[in-house]
Amino acid sequence: MIILLLTTLFWIWSVASAHAHIAAGDNVLTDWHWRWDVIAVLFIFGTLYVRGWLHLRKMGGEAKLSQLVFYALALGTIGCALLSPLDDLASYLLIAHMVQHQLLMMLAPPLILLANPIPVLLWGLGGSSRLQAGIFLTRHAMIRRVRDFLGWMPVAWSLYVINLWAWHYPVLYQAALQDPRIHDIEHILFFLTALVFWWPVLRPVSRPAPAQDARRVLYLFLASAQDTVLSGLIGLSSKILYPHYETASRLWDLTPREDQIGGGLVMFAVGSMTYLVAILVLVNALLSEGKRTRSTKRALGDGAQKVEGRI
């Protein structure tokens, strides 16, 4: 499914007309960018998922309504980030650009994984296509090995963090703002590395053991720590890191310095809140598992005492 996603995105991106952050003056808050390449991707994967969900529902398989809601919210989030006036507003404000990136990294990927997309998308394919795709997901298939490697916590964490820091380096960030192709690549890599990052946390294909829950808490804590450092470096920098926003038209009397501080705050607030919610869910799972284990041991102990008493 990763190859299918990459191929579709690359093909549509390669033939799409050039697109960049282009300020629209007074229309900045009302100008929607109806990019047919983004709409096509959302339509293809949305149709596949709904078709697969209905098929599974009809067969009595695992097709929960919550999964459909999560997937719809994920596609809506991507559409909001790339098609709404937010995309135009990002031409003027680093704050808006940070919101856009947080939608693509902190919200859309977890929602997609909560929708358990792999089996549903497979059932959305036709019979022969589904069988061919299933071959690539067997235990010893190369795609399965690649998925398992990318889903290994040290690899997933490193890919996500390296990509995040690299694109916020002023030279690359400026290049993305000035070149539409580079900017699209930036968004695609943000989204894909975020999918890889959230995979070992949510594990849509299996239920991790309690020990894995503890490792995932540490995994998220370290991610939150590096996010705090990066947002602090951006928000507290004494100079303007991204000159594009010095020359952009100012909105709401925000100075470039205030805008940069706000951008750092957005990254810190959204990232910290998302990581905190995930950590609290995992800690609750650990505590619940501990209670179940103690209850089981207590029940077994009481049973053994009753047997001994009868003897």
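How many of the 311 residues of the chain count as buried? The figure is 46%, where buried means under 20% relative accessible area, exposed means over 50%, and partly exposed lies in between (1.4 Å probe, protein chains only).

Before you start clicking, note that this is a predicted model: local features need pLDDT of at least 70, side-chain atom pairs count only at pLDDT 80 or more, and totals for chains, interfaces and linings use all residues. Residues are numbered from 1 along each chain as its sequence is written, and side-chain values use heavy atoms, with hydrogens and water left out.

**Stop 1: the whole chain**

Begin with a cartoon view. Now think about contacts, meaning heavy atoms within 4.5 Å. Among the contacts with a separation of 6 or more, 75% are between residues 24 or more positions apart. If you switch to a surface view, the chain exposes about 16,400 Å², and carbon and sulfur atoms supply 70% of that area. Accessible areas here come from the Shrake-Rupley method with a 1.4 Å probe, and for residues only the protein chains shown count as cover.

**Stop 2: a pair of tyrosines**

Select tyrosine 49 and tyrosine 71. Their ring centres are 3.9 Å apart and their planes are at 5°, so the pair is stacked. Rings of Phe, Tyr and Trp (its six-membered ring) pair if their centres lie within 6.5 Å; planes under 30 degrees apart count as stacked, over 60 as edge-to-face and the rest as tilted. Seven aromatic pairs turn up in a search of the whole structure. Tyrosine 49 sits in helix H2 (residues 36-59) and tyrosine 71 in helix H3 (residues 65-83), so the pair ties together parts that are 22 residues apart in sequence.

**Stop 3: the aromatic cluster and the core**

Next, select Tyr160, Phe197, Trp198, Tyr219 and Tyr275, which form one aromatic cluster. Which residues touch the most other members of the largest nonpolar core? They are Tyr160, Phe197, Trp198, Leu220, Ile234 and Tyr275, in a core of 73 residues. A nonpolar core is a set of buried Ala, Val, Leu, Ile, Met, Phe, Trp, Tyr and Cys residues joined through side-chain atoms within 4.5 Å. Helix H5 (residues 94-114) gives the most to this core, with 11 residues.

Stay with phenylalanine 197 and show its surroundings. Leaving aside neighbours within four places in sequence, phenylalanine 197 contacts Ala156, Trp157, Tyr160, Tyr219, Leu220, Ala223 and Tyr275.

**Stop 4: salt bridges**

The structure holds three salt bridges, each a side-chain nitrogen of Lys or Arg within 4 Å of a carboxyl oxygen of Asp or Glu. Select arginine 35, which is buried at a relative accessible area of 11%. One partner is aspartate 37, with the closest N and O atoms 2.6 Å apart; aspartate 37 is buried too, at 7% relative accessibility. Another partner is aspartate 184, where the closest N and O atoms are 3.1 Å apart. Arginine 35 lies in the loop between helix H1 (2-15) and H2, and aspartate 184 in helix H11 (residues 180-202), so this pair ties together parts that are 149 residues apart in sequence. Aspartate 184 is buried, with a relative accessible area of 10%.

Then move to arginine 147 and aspartate 148, whose closest N and O atoms are 3.1 Å apart. Arginine 147 is buried at 16% relative accessibility, whereas aspartate 148 is partly exposed at 39%. Through shared partners, salt bridges join Arg35, Asp37 and Asp184 into one network.

**Stop 5: two loops**

Select asparagine 116, in the loop between H5 and helix H6 (117-124). Its phi is near 50°, a positive value in a residue other than glycine. Asparagine 116 is buried, at 10% relative accessibility.

Leucine 125 is in the loop between H6 and helix H7 (127-135), and counts as buried at 18% relative accessibility. Draw a distance from its C-alpha atom to that of glycine 52: the two are separated by 7.3 Å, though 73 residues apart along the chain.

**Stop 6: a surface patch**

Finish on the outside with Met273, Leu276, Val277, Leu280 and Val281, a nonpolar surface patch with about 480 Å² of accessible area together. Patches are made of residues with over 30% relative accessible area and no salt bridge; like charges are joined within 9 Å and nonpolar side chains (Val, Leu, Ile, Met, Phe, Trp, Tyr) within 5 Å. Methionine 273 belongs to helix H14 (residues 256-310) and is exposed, with a relative accessible area of 51%.

How values were computed: Helices (H or I, at least four residues) and strands (E, at least two) are DSSP runs, numbered from the N terminus.
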